[in-house]
Amino acid sequence: MSTAPVLTGPTSGGSAPPLGPQAVVDMQMWFYQSTSSTVLFQSWTTTSLGSYIVACVLCALAACLMMVVKQFMGTISDRHLALQAVVAFLYFNLAYAVMLVAMTFNIGLYLACMVGMTAGFVITKVYTRRTAKGEGQALLSADVDTCH
């Protein structure tokens, strides 16, 4: 079982030389599976299966929200520049955070990001189709058409 990546440098609190061309960086550069992982912040480290599952669920929700915000961003009128800027700021932050989580190379966290983005894609497509047909604002329904 592999452990989470370790960065050697001045940010790790050690006495290593400053990061530069000759610095040694010990980071995981391939997919691995472990319930011990650091997610975005040094203080957000999973140490048990429960905390790992919570991290995966939160990452999936963030990825899903990212896709919904992306769809919403395209529906804002050009007259509302301030709202467009706020939504764009939110989208860019979510997108980069999801990318950084995926780049931990932890298989569970990566898959959580992909599942969340897929769920967000499906939600926005169902919503777009339902509103385009004039069937109201319902996101999901039991009578979703599977054929055209």
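This is a predicted model: local features need pLDDT of at least 70, side-chain atom pairs count only at pLDDT 80 or more; totals for chains, interfaces and linings use all residues.

Guide: Residues are numbered from 1 along each chain as its sequence is written, and side-chain values use heavy atoms, with hydrogens and water left out.

Cys-64 is found in helix H1, where helices (H or I, at least four residues) and strands (E, at least two) are DSSP runs numbered from the N terminus. At 16% relative accessibility Cys-64 counts as buried, a word that stands for under 20% relative accessible area with a 1.4 Å probe, protein chains only. Leaving aside residues up to four places away in sequence, Cys-64 touches Gly-116, Met-117, Ala-119, Gly-120 and Ile-123, contact meaning heavy atoms within 4.5 Å. The C-alpha atoms of Cys-64 and Met-117 are separated by 4.9 Å, although these residues lie 53 residues apart along the chain.

Helix H1 (residues 49-73) also packs with helix H2 (residues 81-102), at an angle of about 145° and with axes 9 Å apart; the axes are lines fitted to C-alpha atoms over the stretch in contact, and angles run from 0 to 180 degrees between N-to-C directions. Among the residues that meet there are Ala-63 and Leu-65 of H1, with Leu-90 and Tyr-91 among those of H2.

As for the setting, the protein chain has three helices and two strands, in the order β-β-α-α-α along the sequence, and buried residues make up 26% of its 148 residues.

Methods:
Buried means under 20% relative accessible area, exposed over 50%, partly exposed in between (1.4 Å probe, protein chains only).
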